[in-house]
Amino acid sequence: MEQQKTESLNFIEQLIEQDLKEGKFSAIQTRFPPEPNGYLHIGHAKSICLNFGLAEKYKGRCNLRFDDTNPEKEETEYVESIKTDVRWLGYDWGDHEFYASDYFQDLYEMAVRLISKGVAYVDELSAEEFNVLKGTPTEPGKESPYRNRAIQENIDLFDKMKSGVYQNGERVLRAKIDMSSPNMQLRDPILYRIKHMEHHRTGSKWCIYPTYDFAHGQSDSMEQVTHSLCTLEFEVHRPLYEWLLAQLEIYPSKQTEFARLNLSYTIVSKRNLRELVEGGHVLGWDDPRMPTISGIRRRGFTATSIRKFAESVGVARRNGLTDVALLEHAVREDLNKNAPRIFGIMNPVKLIITNWPEEKEEIMKAENNPEDENAGSRALPFTRELYIDSSDFMEDPPSPSKWFRLGPDREVRLKKAYIIKCSGFKKDQEGRILEIYAEYDPATRSGQDTSGKKVKGTLGWVSVPHAVHAEVRLYDRLFLTENLNKISDDFKNHLNPNSLQTNTNVVVEPSVRTASVGNQFQFERIGYFRVDEDSTAERIIFNRTITLKDTWGKKMN
RNA sequence: UGGCCUAUGGUGUAACUGGCAACACGUCUGAUUUUGGUUCAGAAGAGUCUAGGUUCGAGCCCUAGUAGGCCAACCA
């Protein structure tokens, strides 16, 4: 008797399974529709995982469609970065790479059809007049005096718009729906506007460009998208989306909205992220502190962990605030299983094993990952002079029974090597520890310990003559405020001044000499690190992805 | 003086669509551990926004209220 746990479905999956059951179509078709006007961020990752994930799960397809209807903001550079990011997340759109701009001709013809049906017209109101007549959410709008032109006149005017007779803003094509609708989106929305401007793909072929509302739904329809998933703000656009498809009598794609991702201590708004980049608050779109996909990738978050995160966040229709701890947990889980361990010393201090011969060198064997038997092992040279972390030594710990690390007369194990006993130390005038002295117990060699000794503390170490000097960039959250949606002042006031701390004094075991950009490690007892692209042949640079959990440190505060 | 959406432990989601609320993260114990990591065992924590109603029975349905979100770009 096997008990089958029925997997719980989110509301979109329920909808899909219902549709599939009713035989509405043979397979689902989704799409991820970014506007190429900036870099993708963690919020987009949620949408990517949703759309591509659903297609995978239900054996359908997901198109990558660039929503490039506004030549003012869009650039090819962004198209490339978006493709890189989606691929990095592990999704493949095959030959289903589309552009709204590919449909400009079709969309133009659709507009002419609407005009011919008498449900679209050319308006020539000034922007101010336009806004006045539009009304407000609580007051109905008024009809434009140009609303009831003859069809042929509209056709002629639209043709003139297209052929460049008018300047930007002088004419606009509007749908003729209902100026008194309580839904502002239905008050004769703009379908086409004039922009004398080069488009990144169509060049100067067009000087009129469709708006989002006129392009998005029909693009979905032309691609036979079955489920068009978007965020909650577009909810009020749905009636317009459906109106257009119905008027044009084309494939009725269905729009379904879900809540966008909000992350604590994180800003997830393209506009604000751009401001951080342009204002020099971060070093670029791929600054490891940025929640952009390129940023978190450089920081060391893995694609697996992002996908896992997206899955655990789930999808629903209520707006909330997801705890970053969920994201952090996802990376730790992945890296714990997959990142090889090495010794790295953040604040090195010399430890001298006084009963160890000057020239003697012993090779210790260390497995690369206790969580992965296949990860192999490496050789660690052990010598008389070692580096350990200054935070692992305390001359006079405040609560001695809870201090497991080194101190006068205390014993600890040097991991993968010997148990040592501290026999003394040297300080400078300011009281800083310069050197620590200890004696090792030859009977305690790792793996062949015959002493029966038990110690509570285990320290990482690096042989002084073999040490590789490195730079480490310690990243912390970019903002100090948990919920940045709830602030009334400038979000930049909430920046964490200590979001980046550079430590150029780090020392790492010699095995990292073969490491290359993108490699990820766990520095034992410290955290996960990734080799940054700023590394050079002479100098290796590590980004700290995330610390290890630290229950002891937490208790000490 | 509008319309639409939402409301479940601290957080994110679930509850086979009416049968006394589950999972994950987080928190706290304890065990194991040559990472104060991992793993393992366990605990605390909501009676499902409020008030009515329907029903033998409601987190799920109805009504009203409250709270939050979205909508007035020739942005998406």
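Let me open with one residue, Lys83. Lys83 is buried, at a relative accessible area of 11%. The cut-off for buried is under 20%, so Lys83 falls inside that class. One thing before I go on: this is a predicted model.

What does the side chain of Lys83 meet in a salt bridge? The partner is Glu80, and the N to O distance is 3.9 Å. Glu80 is partly exposed, with 43% relative accessibility. Both residues sit in helix H3, which covers residues 76-88. They are three residues apart, so about one helical turn separates them. As a general point, an α-helix has 3.6 residues a turn, so residues three or four places apart point the same way.

Glu275 and Lys492 join their side chains in a salt bridge, at 2.6 Å from N to O. This pair links distant parts of the chain, 217 residues apart. Glu275 belongs to helix H9. Lys492 is in the loop between strand S21 (468-475) and strand S22 (500-508). Glu275 is partly exposed, at 28% relative accessible area.

Now Glu328 and Arg477. They form a salt bridge too, with the closest N and O atoms 3.9 Å apart. Arg477 is partly exposed, with a relative accessible area of 32%.

How many salt bridges does a search of the whole structure find? It finds 54. Some residues are linked in a network of salt bridges. Among its members are Asp286, Arg298, Glu471 and Arg473. Arg530, Asp532, Glu533, Asp534 and Arg539 belong to that network as well.

H9 runs over residues 270-278. Its buried residues are Lys270, Asn272, Leu273, Leu276 and Val277. Just after H9 comes Gly280, with a positive phi of about 75°.

Next, the RNA. There are 67 residues around RNA strand B. Which of them come nearest? They are Val313, Arg318, Arg341, Ser446 and Lys554. Of the atoms of RNA strand B that come within 4 Å of the protein, sugar and phosphate account for 62%.

By class, the surface near RNA strand B has 20 nonpolar, 24 polar and 23 charged residues.

The side chain of Asp67 has an N or O atom 3.3 Å from a sugar or linking oxygen of RNA strand B. For the side chain of Lys73, the distance from an N or O atom to a sugar or linking oxygen is 3.0 Å. Lys416 uses its backbone: a polar backbone atom there is 2.9 Å from a base oxygen of RNA strand B.

Several elements give two or more residues to the surface near RNA strand B. They are helix H5 (127-134), strand S6 (190-194), helix H11 (303-313), helix H12 (324-338) and helix H13 (551-556). Which element gives the largest share? H12 does, with four residues.

Stay with H11 for a moment. Lys308 is found in that helix. Lys308 is partly exposed, at 34% relative accessible area. Beyond its neighbours within four places in sequence, Lys308 is in contact with Ala330 and Glu333. Lys308 and Val331 are 23 residues apart in sequence, and their C-alpha atoms are 8.8 Å apart in space.

Last stop, His227. This residue lies in strand S8, residues 227-231. Is His227 buried or exposed? His227 is buried, with a relative accessible area of 2%. A polar contact of 3.5 Å joins its side chain to that of Asp19. Setting aside neighbours within four places in sequence, the residues in contact with His227 include Leu15, Ile16, Phe25 and Ile28. Gln29, Thr30 and Lys254 are also in contact with His227.

That is the tour. Questions, please.

Technical notes: Residues numbered from 1 in each chain as written. Chains lettered and ligands numbered in written order. Predicted model: local features only at pLDDT ≥ 70, side-chain atom pairs only at ≥ 80, totals over all residues. Heavy atoms only, no water. Near = heavy atom within 4 Å. Polar contact = N/O pair within 3.5 Å; in protein donor to acceptor, adjacent residues only side chain to side chain. Nonpolar A, V, L, I, M, F, W, Y, C, P; charged D, E, K, R; others polar. Buried < 20%, exposed > 50% of the residue type's maximum accessible area, 1.4 Å probe, protein only. Salt bridge = Lys/Arg side-chain N within 4 Å of Asp/Glu carboxyl O. Contact = heavy atoms within 4.5 Å.
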